Every structure is written in C-alpha cells, then in structure tokens.
Amino acid sequence: MSFVIGVDIGGSHITAAWVDLEDKIIVAGTRRRKFINSKGTVEEIIRDWGNVINEVLGDRPKSFTKIG
C-alpha cells in the first residue's frame, strides 16, 4: 500500500487526510478541516496549517511521510 497526506489549502480553510494512492480513496476517519483566518498573520496561518497536518500525521514516523 502507498499512502500520502493530501492537503487542500483554500483562502479560508485547510483540509488534510491520508490518501490511499493505490485505491485512490481518502482513508476513512483521517480527514481534518479547519477554517483559517485569512486576515491573520503569516505566523498564525502557518501554525494553523502545521497543526492540521500534524493532527493527520498522528504518531506515524515523519521520515516516511509524503505530503502533496
């Protein structure tokens, strides 16, 4: 199996989830979405993006993770 974290960043949100590349599906229960303050500081926006990605990543080894 081949998995990556798929990320969609819009003007007011970030959505991330594990994606099974072989079956071309989002892995059930891994999707996270957070609304982002588009008028926030760069630091706030990047922090919020990182928090969502880290939440999806969980305790999996970062060295074996691909994000797209």
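## Ground rules

Contact here means heavy atoms within 4.5 Å. This is a predicted model, in which local features need pLDDT of at least 70 and side-chain atom pairs count only at pLDDT 80 or more, while totals for chains, interfaces and linings use all residues. Residues are numbered from 1 along each chain as its sequence is written, and side-chain values use heavy atoms, with hydrogens and water left out.

## The chain as a whole

Let's start with the overall layout. Helices (H or I, at least four residues) and strands (E, at least two) are DSSP runs, numbered from the N terminus. The C-alpha trace spans about 40 × 20 × 20 Å along its principal axes.

Of the 68 residues in the protein chain, 28% are buried. Buried means under 20% relative accessible area, exposed means over 50%, and partly exposed lies in between (1.4 Å probe, protein chains only). The accessible surface comes to about 4,800 Å², and carbon and sulfur atoms account for 56% of that surface. These areas come from the Shrake-Rupley method with a 1.4 Å probe; for residues, only the protein chains shown count as cover.

Among contacts in the protein chain with a separation of 6 or more, 31% are between residues 24 or more positions apart.

Strand β2 covers residues 13–20 and includes His 13. His 13 counts as buried because its relative accessibility is 11%. Not counting residues up to four places away in sequence, His 13 touches Asp 8, Arg 33, Lys 34, Phe 35 and Ile 36. With Arg 33, the side chain of His 13 also makes a polar contact of 3.5 Å. A polar contact is a pair of N or O atoms within 3.5 Å; within protein, one must be able to donate a hydrogen and the other to accept it, and residues adjacent in sequence count only if both atoms are side-chain atoms.

Thr 15 is also in strand β2, and its relative accessible area of 12% is why Thr 15 is classed as buried. The side chain of Thr 15 joins that of Arg 33 through a polar contact of 3.0 Å. Leaving aside neighbours within four places in sequence, Thr 15 is in contact with Gly 6, Val 7, Asp 8, Arg 31, Arg 32 and Arg 33.

Further along strand β2 you will find Val 19. With neighbours within four places again left aside, the contacts of Val 19 are Ser 2, Phe 3, Val 4, Gly 6, Ile 25, Ile 26 and Val 27. Val 19 and Lys 39 are 20 residues apart along the chain, and their C-alpha atoms are separated by 30 Å.

## A loop residue with positive phi

Lys 24 sits in the loop between β2 and β3 (25–26). Lys 24 has a positive phi of about 55° although it is not a glycine. Most residues other than glycine have a negative phi. With a relative accessible area of 71%, Lys 24 is exposed.

## Two salt bridges

How many salt bridges does the count come to? There are two, where a salt bridge is a side-chain nitrogen of Lys or Arg within 4 Å of a carboxyl oxygen of Asp or Glu. One joins Glu 55 to Arg 32, with the closest N and O atoms 2.9 Å apart. This pair links distant parts of the chain, 23 residues apart: Glu 55 is in helix α1 (residues 42–57) and Arg 32 in strand β4 (residues 32–35). Both ends are partly exposed, Glu 55 at 49% relative accessible area and Arg 32 at 28%. Glu 55 also lies 52 residues from Phe 3 in sequence and 16 Å from Phe 3 in space, C-alpha to C-alpha.

The other bridge pairs Asp 48 with Arg 47, and their closest N and O atoms are 3.3 Å apart. Here Asp 48 is buried, at 12% relative accessible area, whereas Arg 47 is partly exposed at 47%.
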